[in-house]
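Here are my notes for your read-through. Keep the sequence and the model open side by side.

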Amino acid sequence: MAKESYNDLIFQLGDLARDRLPGKPNCPRSMDRVYRAEEAVVARRDELAALEQEMNDHDAAWQDYLAQQAEERAGHQVVVKKWKKAVDAIEGKVKDLRKTLSTRRAELRYALDGLQKLEKKIKDMELTGTEASKIDVARTNLKKNRLAQMRLGREVEDLEVRVSNALTPEPGQPGSAGILAHKRMLEMEDEEEARKLEHDHQMAELDQAIAAKEEQVKAAEDYLDQSLFLLGEDVYARRIPDAQLAPFYPRLDRAQ
């Protein structure tokens, strides 16, 4: 017969002692460590569940939004199709303008991201005691980048106004209903793109938070296992009298 594992038996003893000894006069003080470890596991698991629920809620809200978009878009498509010639004429005039607007918006997002990274870099340089001259250079670059971002922001706003005006029909203009429906569809397209970027960013942050929390849960569970093992060793060392615990003692004697 194969020799039993001492470590396995000690863990089983501690696990059983957790159920058998609480509230009894002979309950060892090492039980308190198990209580704290269990509370930590429950807390970390609750936090993980909350993050997972938040991710599910975000995703559900996004799917609802897409469904609403699809429903509204279907209605506009019917109107656009009815006034296709008028819509095509307008689209030909704004196509290049919208392409420029899309490019400038992407550049603005990139510029804003660069500003945030540079601000963080400067803070890190200050914390790590980087030479003052290098920090001054970084701050000067930050000012320049902020001015460039502001100019780009104004350009985007100007382009948005120009596109909106170009897509706004004159009073009594033939096909105005189709043009306005087309304008709304383009606005929806821009809105959906912006919200998708925000949604993807939120989901990525939550995914990272969940991964980190899973590590915390694993660490808490490992500490609980260690606490049960130490409880088992304590119970074995003291050979605490108990009808269900006592059979472990001779088995452990043989396993050493």
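1. Start with K183. This is a predicted model, and in it K183 sits in helix α5, which covers residues 176–238. K183 is buried, yet it has no salt bridge. What is the nearest side chain of opposite charge? It is E187, 4.5 Å away.

2. K183 does have a polar partner. Its side chain makes a polar contact of 3.2 Å with the side chain of S164.

3. Next, the nonpolar cores. The largest one holds 21 residues. L13, L21, V235, L245, Y249 and L252 have the most contacts inside it. Four helices each supply at least two of its residues: α1 (6–20), α2 (31–82), α5 and α6 (248–255). Which of them gives the most? Helix α5 does, with 6 residues.

4. L21 is worth a click. Setting aside neighbours within four places in sequence, L21 is in contact with N26, C27, P28, M31, V235, I240 and L245. V235 and L245 are also on the list of residues with the most contacts inside the largest core. A second core is separate and has 13 residues, including A86, L108, V163 and L186.

5. Salt bridges come to 27 in total. Take D113 and K117 as one case: their side chains meet at 3.2 Å, N to O. Why can they pair along one helix? Both are in helix α3 (residues 84–127), 4 residues apart, so about one helical turn separates them. D113 is partly exposed at 34% relative accessibility. K117 is exposed, at 56%.

6. R139 and E126 form another salt bridge, at 2.4 Å from N to O. This pair links distant parts of the chain, 13 residues apart. R139 belongs to helix α4 (residues 132–166), and E126 to helix α3. R139 is partly exposed, with a relative accessible area of 38%. E126 is partly exposed too, at 38%.

7. D253 and R239 also meet in a salt bridge, at 2.6 Å from N to O. D253 lies in helix α6, and R239 is in the loop between α5 and α6. The pair therefore ties together parts that are 14 residues apart in sequence. D253 is partly exposed at 36%, and R239 is partly exposed at 38%.

8. Some salt bridges share partners. Through them, R98, R105, E160, E189 and D190 are joined into one network. Display these five together when you check the charged side chains.

9. Last, L9 in helix α1. Is L9 buried or exposed? With a relative accessible area of 2%, L9 is buried, because the cut-off for that class is under 20%. Apart from neighbours within four places in sequence, its contacts are E4, F248, R251, L252 and A255. L252 is also one of the residues with the most contacts inside the largest core. The C-alpha atoms of L9 and E233 are 9.7 Å apart, although 224 residues separate the two along the chain.

How values were computed: Residues are numbered from 1 along each chain as its sequence is written. This is a predicted model: local features need pLDDT of at least 70, side-chain atom pairs count only at pLDDT 80 or more; totals for chains, interfaces and linings use all residues. Side-chain values use heavy atoms; hydrogens and water are left out. Buried means under 20% relative accessible area, exposed over 50%, partly exposed in between (1.4 Å probe, protein chains only). Lys and Arg count as positive and Asp and Glu as negative; His and the chain ends are not counted. A salt bridge is a side-chain nitrogen of Lys or Arg within 4 Å of a carboxyl oxygen of Asp or Glu. A polar contact is a pair of N or O atoms within 3.5 Å; within protein, one must be able to donate a hydrogen and the other to accept it, and residues adjacent in sequence count only if both atoms are side-chain atoms. A nonpolar core is a set of buried Ala, Val, Leu, Ile, Met, Phe, Trp, Tyr and Cys residues joined through side-chain atoms within 4.5 Å. Contact means heavy atoms within 4.5 Å.
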